[in-house]
Amino acid sequence: MRLANKTAIVTGAGSGFGEGIAKTFAQQGANVIVADINATGGQRVVEEIRAAGGQAHFVEVNVAQDASVGALLRDTLEQYGGLDIVVNNAGTTHRNRPMLEVDEAEFDRVFAVNVKSIFLSAKHFVPHFRGQGGGVFINIASTAAIRP
C-alpha cells in the first residue's frame, strides 16, 4: 500500500472527484480526512470507506473561511496525530451564463472557494509541514479557468 502510515486531507470529498480521491487514498492505506461543507455527503463517504476496510473521519469545513480551515488542521491532528498530504479539491462555480449576468456576490463566493481556499490552506498547513520536515499539497483545478 503506497500510502500506508500517511494521513491525508481531501477537501470537497463528499462527492465527485474528491470522493474518488478519498476512496483511492484509503484503498492505498492512508488515514483520510473527508473534508466537506456537506455533512450528509461527507459522512456517507466515510461510512463507505470504513465499510471497505479503510480509515476515514469526516470534518465539516468551509474552505473559504480562515477559522474553519484552522479547525480542520486541529481536528486532523487530534484524530490522527499527524498530516502528510493535503488535496485542495473543493470547488464551485456559477450556472453557465454570460459573465455580465454574474453578480458580485456570486463572483466573490466562487473566488473564495476556488482561490482564497488555496491561500488559507497554505497559511495553516505550511507551518505544520515545515515543522515536521515536509508534506505534500495537491491542488486540483478546473477547465473553467480557461473558459470565459
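A pocket is an open set of grid points with protein on both sides within 12 Å along at least five of seven lines. The model examined here is predicted. Its second largest pocket has a volume of about 170 Å³.

Helix 1 (16-27) and helix 2 (39-51) each provide at least two lining residues. Helix 1 gives the most, with three. The lining comprises Met1, Lys23, Ala26, Gln27, Gly29, Ala30, Glu48, Ile49, Ala52, Gly53, Gly54 and Gln55. By class, five of these residues are nonpolar, five are polar and two are charged.

Strand 1, helix 1 and strand 2 form a right-handed β-α-β unit. From strand 2 the chain passes through helix 2 to strand 3, and this β-α-β crossover is right-handed.

Strand 2 (residues 31-36) is largely enclosed by the rest of the structure, because six of its six residues are buried. The cut-off for burial is under 20% relative accessible area. In a regular strand, side chains alternate between the two faces of the sheet. Asn31, Ile33 and Ala35 point one way from strand 2. Val32, Val34 and Asp36 point the other way. All are buried, whichever way they point.

How values were computed: Residues are numbered from 1 along each chain as its sequence is written. This is a predicted model: local features need pLDDT of at least 70, side-chain atom pairs count only at pLDDT 80 or more; totals for chains, interfaces and linings use all residues. Side-chain values use heavy atoms; hydrogens and water are left out. On a 1 Å grid over the protein atoms alone, a cavity is a set of points where a 1.4 Å probe fits but cannot get out, and a pocket is an open set with protein on both sides within 12 Å along at least five of seven lines; lining residues have an atom within 4 Å of a point. Grid points are joined across faces, edges and corners, and a volume is the space filled by probe spheres set on the points. Helices (H or I, at least four residues) and strands (E, at least two) are DSSP runs, numbered from the N terminus. Ala, Val, Leu, Ile, Met, Phe, Trp, Tyr, Cys and Pro count as nonpolar, Asp, Glu, Lys and Arg as charged, and the others, Gly among them, as polar. Buried means under 20% relative accessible area, exposed over 50%, partly exposed in between (1.4 Å probe, protein chains only). A crossover is right-handed if, with the strands pointing away from the viewer, the path from the first strand over the helix to the second runs clockwise.
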